[in-house]
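Please keep the sequence and the structure in view while reading.

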Amino acid sequence: SSRSSRSSSSGLGEFDCIFQPSPETKIEYETGDYMYRLMFQLHGSAMPRAFKMAFPSALAALVLVSLAHDVQDAREAIGMYSTKTTMIWGSLTFPLLTLLSFRTSIAWGRFWDGNGLLHAMRGEWFDSASCLATFSYPAKQG
């Protein structure tokens with residue numbers, strides 16, 4: 001009698017808690033400021049190391065840009081004209097952009113490989129859950 005009162009319209013009987021948990025078995029999670037703490041944590045983050053590497057370069061670039069007008073005469077005195085500067089920038093940016101595009105291509109490939117594996121795993125879990133529901137004891141009774 002208690003077994004029939006526990007069974008619902010799904011016909012799974014004692015396995016109902018897997019598919020439709022009762023209110024007293026549900027766990028209520030409170031996220032609060034957890035996401036903000038996770039985003040701005042320093043332990044295990046790459047941001048402090050990236051900041052240590054990027055800050056000196058950004059500072060040097062800021063100093064060079066602010067002094068660009070002041071050192072124009074000095075650049076002309078050593079023979080560094082605007083055409084040479086353009087060639088230098090062009091020769092530096094081409095390899096950097098090539099490396100950046102290569103790394104981005106590799107990263108996208110890894111992302112899509114992982115995405116495909118994730119979907120395959122989800123399909124396997126779905127098949128497993130289907131088999132559990134199909135071959136369970138209450139399903140054989142019906």
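The term pLDDT denotes the predictor's confidence in each residue, from 0 to 100. The chain has an average pLDDT of 78, and 71% of the residues score at least 70. This is a predicted model, in which local features need pLDDT of at least 70, side-chain atom pairs count only at pLDDT 80 or more, and totals for chains, interfaces and linings use all residues. Residues are numbered from 1 along each chain as its sequence is written, and side-chain values use heavy atoms, with hydrogens and water left out.

**Secondary structure and confidence**
- The chain holds 7 helices and 0 strands, where helices (H or I, at least four residues) and strands (E, at least two) are DSSP runs numbered from the N terminus.
- Confidence is lowest in helix α1 (residues 2-6), with a mean of 44, and highest in α6, at 91.
- Over residues 1-10, pLDDT stays under 50.

**Surface and burial**
- Of the 142 residues, 5% count as buried, where buried means under 20% relative accessible area, exposed over 50%, and partly exposed in between.

**Two residues in context**
- F51 lies in helix α4 (residues 47-66) and is exposed, because its relative accessible area is 53%.
- S136 lies in the loop between α6 (82-134) and α7 (137-141).
- S136 counts as buried because its relative accessibility is 8%.
- A polar atom of the S136 side chain lies 3.3 Å from the backbone oxygen of A133.

Notes:
Buried < 20%, exposed > 50% of the residue type's maximum accessible area, 1.4 Å probe, protein only. Polar contact = N/O pair within 3.5 Å; in protein donor to acceptor, adjacent residues only side chain to side chain. Contact = heavy atoms within 4.5 Å.
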